[in-house]
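This briefing covers strand pairing, nonpolar cores and model confidence. The sequence and structure come first.

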Amino acid sequence: MNPALAALLCHPAIWRGGDCAPEPVALPTGFAALDAALPGGGWPGNALTEVLLAREGIGEMCLALPALARLTRAGRQVAWIAPPHRPYAPALAAAGVDLSRLALVRCRDAREALWAFEQALRAPECGTAFAWLAEHDERVLRRLALAAREGRTWGVLWRRPGVTARAMAAPLRLGLEAHDGRLAVSVLKRRGGELAQPLVLDLAARWSTAPAEALARLAFAPRLPPRPQDPRPAPRSSAGRDGAPAARFARVRHAGAAN
C-alpha cells in the first residue's frame, strides 16, 4: 500500500467498513468483551462518553470502576459532578480506587454543574470527570467535548432514567439495562460499524474478590440530602476567564470539600 495512503487511513477520524476508528488515547475498561467493541480497545481518554440508564442501581458504576482504579493509581484526579447519590467509600476502595484522588462536587443548580464539569475536563490533573446532567443544548455539549479533548480527559455524561437529551458531540454513546442479573451494554454510537446486539457483562464475576457488602451497594449510598442555600454568587460559565487549569481544578476540589 502507498505509504501516504496508509498514513491517511490511520487517522482516528477515518475507518473502513465495520472496523473501528483508531483511538490513540484509550483506557481499558476491565471487560474484554467491551474493550473489543470500542475504538482503541477502551474508553476514549480525551473525549466525552454518554451513558443512558434504563434505571439506576443496575451496576453502572461497577462498569467504570476498573478504569477509575487505574487512573487514581497513576496519580490522576477524578471528579464527580452533582452525583444523584452519595458515593459509598468502602465499595470504591474495595475496587482499588484511591479515595484521596476523588473530588465530589455538589452544585446548587444546572448552571453551576456545567461550569464545574467544564473546568474539570480542562484541568490537566484530572484523569476523568463524571457529571449527571440533563443538558441538551448542543452548543454547550460541543464546548464540553472540546474541553475534554483539550484537557485530555475521559469525560462521562451520565443520563438518568427519563432524560431524553442526546449529546451528538460525544463520539461514544452506551445504553445500559439489567439483563437476568447481569448488565446489558448497547453500543448506540461509536466511531465504527454498528453493533446489532448488546454485550451482556457479568459484573459479579468481575468483582468476585470484592467484599459482598461492597458489591451489594454498587458504589452508591442513599440519596444525597438537599444542600442548604448560601449567598455565593453564581460562577462564570466562560472557560477562558478564570485562570490556569490547575487553579480552576483546585477551585472545583475546594467546592466539593466545602460541601
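In strand 10, Val-185 is the bridge partner of Leu-176; helices (H or I, at least four residues) and strands (E, at least two) are DSSP runs numbered from the N terminus. This is a predicted model, in which local features need pLDDT of at least 70 and side-chain atom pairs count only at pLDDT 80 or more, while totals for chains, interfaces and linings use all residues. Residues are numbered from 1 along each chain as its sequence is written, and side-chain values use heavy atoms, with hydrogens and water left out.

**Strands**
- Strand 9 (residues 172-179) pairs with strand 10 (residues 182-189) in the antiparallel sense over 7 bridges; pairing requires at least two DSSP bridges between two strands.
- These two strands form a hairpin with 2 residues between them, and Asp-180 in the turn has a positive phi of about 50 degrees.
- Strand 10 also pairs with strand 11 (residues 199-201), antiparallel over 3 bridges, and Val-185 stands opposite Leu-199 there.

**Nonpolar core**
- The largest nonpolar core has 38 residues, of which Phe-130, Trp-154 and Trp-158 touch the most other members.
- Such a core is a set of buried (under 20% relative accessible area, 1.4 Å probe, protein chains only) Ala, Val, Leu, Ile, Met, Phe, Trp, Tyr and Cys residues joined through side-chain atoms within 4.5 Å.
- Helix 3 (residues 60-73) gives this core its largest share, 9 residues.

**Confidence**
- Mean pLDDT (the predictor's confidence in each residue, from 0 to 100) is 79 for the protein chain, and 71% of its residues reach 70 or more.
- Confidence is lowest in helix 8 (residues 212-217), at a mean of 42, and highest in strand 4 (residues 77-81), at 96.

Note on methods:
Buried means under 20% relative accessible area, exposed over 50%, partly exposed in between (1.4 Å probe, protein chains only).
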